[in-house]
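Subject: Structure handover

Hello,

Here is the structure you asked about. My notes on its salt bridges follow below.

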Amino acid sequence: MSLRTSRMPQEPLRRRSLTDASVVAFGPLEPVALPVLAVPQRPGVPLTMWVRANAELVREQLHQYGAVLFRGFEEGADALRPVVEAVGGDGALAYQDGATPRSELGDGIYSSTEYPADQTIEMHNEACYSWSWPRVLGFACALPSETGGQTPLADSRKVLRRLPADLVARLERQGVRYIRNYTPGVGIPWQEALGCDESGLDAYAEQTRVRVERVADDHLRTEALRPAVARHPDTGEWVWFNQATSFHLSTIGDELAAELLGQVGSERVPKTSRAGDGSEFTRAELDAIRAAFAAESTAFDWQLGDVLVVDNLLASHGRAPFTGKRQIRVAMAAAANWEDVEARPALDGPQAGTTTHIKGERR
């Protein structure tokens, strides 16, 4: 494997500082191109200190590839939070407005999504259904699974280019509508997901541009209309940035979806997505999006101590089924919201008879 070091004058390794840019080499993780692999060129390179000293170099790699995998550093998974904070440029973020279950491990660290091991988590960009989301994600391997459990990645720029033009045009006009129904015993309680109680619903709706509807005493519904395509604020590239498929009811599979519908009915499914005008996605549209992700996805086997940093706009991620005990930690940094990026549909004014967001409406 050939690894490229930073473009700096070379000198014997013993003379270089342990935080010198050239003591870490970047190169392809064969046989896949995403993520780019970063490995120390001598023992004892402190990952946290090195990233703090070379954060701009890491960001350059992120902008080119979308994700960087640090492997072979002695700190291992313990470096997760400081590395993510150094790359993101600010403190770790709390997991808010969550749509999937995960546990808080303390100090800004969370478990990866706690879905059954035999299920696939579809490709998605973290929290893009929310008003605000992290620009930088970090994953660290505290315990690799016995088999499977990869975190596949896909370049969001390439996914966008691969999609059918008519589908992209429709969602560029209309956006994606995310619908969540909260009822007792089904999915995450709304108080946990929204981070408030009944008295805070109006403020939540206003702050997050979400429509909140009290359907019944035991039924709360939220709807959020978000863009489908965004321009990366640093690289200027357009990216596919939504959860049209991973949020959709079909993500759990036809059999489980039919069973859930039979139990709770279509008006109480915990979450699903539609086009921005409220129309259902067709099977062909969902298949086309999943096919684009599949064509662009790459995966690697986790090794103990791996730290993966992902640009949330430039790369989507998922999870493969696994066996054994798997412990992947997660941290997030660099908060952004939909006003921080140019997006399609635009955030100001209607597009094709729809509005781009709903400001605090509570029916």
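A salt bridge here is a side-chain nitrogen of Lys or Arg within 4 Å of a carboxyl oxygen of Asp or Glu. The model is predicted, so local features need pLDDT of at least 70 and side-chain atom pairs count only at pLDDT 80 or more, while totals for chains, interfaces and linings use all residues. Residues are numbered from 1 along each chain as its sequence is written, and side-chain values use heavy atoms, leaving out hydrogens and water.

By the salt-bridge rule, the count is 22.

One of them joins aspartate 234 to arginine 135, with the closest N and O atoms 2.6 Å apart. Aspartate 234 sits in the loop between β14 (229-231) and β15 (238-240), and arginine 135 in strand β8 (residues 132-143), so the pair ties together parts 99 residues apart in sequence. Helices (H or I, at least four residues) and strands (E, at least two) are DSSP runs, numbered from the N terminus. Aspartate 234 is partly exposed, at 48% relative accessibility. On that scale, buried means under 20% relative accessible area, exposed over 50%, and partly exposed in between (1.4 Å probe, protein chains only).

Glutamate 285 and arginine 170 also form a salt bridge, at 2.9 Å from N to O. Glutamate 285 belongs to helix α9 (residues 283-296) and arginine 170 to helix α5 (residues 165-174), 115 residues apart. Both residues are buried.

Within helix α2 (residues 55-65), glutamate 56 and arginine 59 are 3 residues apart, about one helical turn. Their side chains meet in a salt bridge of 3.4 Å, N to O.

Regards
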